[in-house]
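Trainee: I would like to go through this structure and ask what the terms rest on.
Mentor: Go ahead, and each term will be set against its rule.

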Amino acid sequence: DMLGVFFKPDGLMMFLTGGQNNKIYSYTLTTAWDISTATATDNKTLPGAINPSGLYWREDGKRLFYGDTVATHFNAGALTTPWDISTFVTLGGTVTEGSSTRDLSFSKDGLRAFRVDNDEFVSTYILSIPFVPESKGAVTKYTIIPTRNLKGLSFNVNGSLMYVGANDGGDIIQYVIKRGWR
């Protein structure tokens, strides 16, 4: 099962996490955003993951974050060559509250981390250091109504809209965030 997908901002690379095999896969696309033009380029085992899910890349391609469907934490890694998973080195994991991490995201400035779990919650963490989950302070949990088997999380470019994917019925629920990313 593929449990996470992320596209490089220019649409010329796609990354997938692969369920129980603990791997991330990279693909190049000859036409931006057209998955029919994808060619597999590499795969790498993700340390610390049993069943990796969710992917988030920092815009510069030098940091990768991923969740795990059987653990409450999410993991981080550094890449010495941007977007090249063969250069991935793990930075460790951050323990979070709730059940398994299904997907994760960050605000554009990296000072807020967002996590969707397998229950009904989206958690927001305030970070004192951008894109460093270990620097988390206060956490706020938002209950997603109706309660579903949550799977995915995404935001529009300015954080004013949040999208949550639910396994039950295949719904995507859109929420308006009045003060983007807050």
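This is a predicted model: local features need pLDDT of at least 70, side-chain atom pairs count only at pLDDT 80 or more; totals for chains, interfaces and linings use all residues.

Mentor: Residues are numbered from 1 along each chain as its sequence is written, and side-chain values use heavy atoms, with hydrogens and water left out.

Trainee: Why is Phe106 called buried?
Mentor: Buried means under 20% relative accessible area, exposed over 50%, and partly exposed in between, with a 1.4 Å probe and protein chains only. Phe106 has a relative accessible area of 2%, so Phe106 is buried.

Trainee: Where is Phe106, and what does Phe106 touch?
Mentor: Phe106 is in strand β9; strands (E, at least two residues) are DSSP runs, numbered from the N terminus. Contact means heavy atoms within 4.5 Å. Leaving aside neighbours within four places in sequence, the contacts of Phe106 include Tyr56, Phe65, Phe74, Phe131 and Trp181.

Trainee: What makes a set of residues a nonpolar core?
Mentor: The members are buried Ala, Val, Leu, Ile, Met, Phe, Trp, Tyr and Cys residues joined through side-chain atoms within 4.5 Å. The largest such core has 24 residues, of which Phe15, Ile24, Trp57, Leu64 and Phe106 touch the most other members. Strands that each supply at least two residues of this core include β2 (13-17), β5 (52-57) and β9 (101-106). A second, separate core has 13 residues, among them Leu150, Leu153, Met162 and Ala166.

Trainee: Why is the pair Lys108 and Glu59 called a salt bridge?
Mentor: The rule asks for a side-chain nitrogen of Lys or Arg within 4 Å of a carboxyl oxygen of Asp or Glu. For Lys108 and Glu59 the N to O distance is 2.3 Å, so the pair meets the rule. The two residues are 49 residues apart, Lys108 in the loop between β9 and β10 (112-117) and Glu59 in the loop between β5 and β6. Lys108, at 48% relative accessibility, counts as partly exposed, whereas Glu59, at 54%, counts as exposed.

Trainee: How many salt bridges are there by this rule?
Mentor: The count comes to three. Asp60 and Arg58 form one of them, at 2.8 Å from N to O. Asp10 and Lys8 form another, with the closest N and O atoms 3.6 Å apart.

Trainee: What makes a space a pocket?
Mentor: On a 1 Å grid over the protein atoms alone, with a 1.4 Å probe, a pocket is an open set of points with protein on both sides within 12 Å along at least five of seven lines; lining residues have an atom within 4 Å of a point. The largest pocket holds about 940 Å³ of space. Its lining has 31 residues, and the closest to its centre are Val5, Phe6, Leu55, Leu153 and Ser154.

Trainee: What makes the backbone of Trp83 stand out?
Mentor: Trp83 has a positive phi of about 70 degrees although it is not a glycine. Most residues other than glycine have a negative phi. Trp83 lies in the loop between β7 and β8 (88-95), and with a relative accessible area of 9% Trp83 is buried. Phe131 also has a positive phi, near 60 degrees, and sits in the loop between β11 and β12 (136-143).

Definitions and conventions
Helices (H or I, at least four residues) and strands (E, at least two) are DSSP runs, numbered from the N terminus. Grid points are joined across faces, edges and corners, and a volume is the space filled by probe spheres set on the points.
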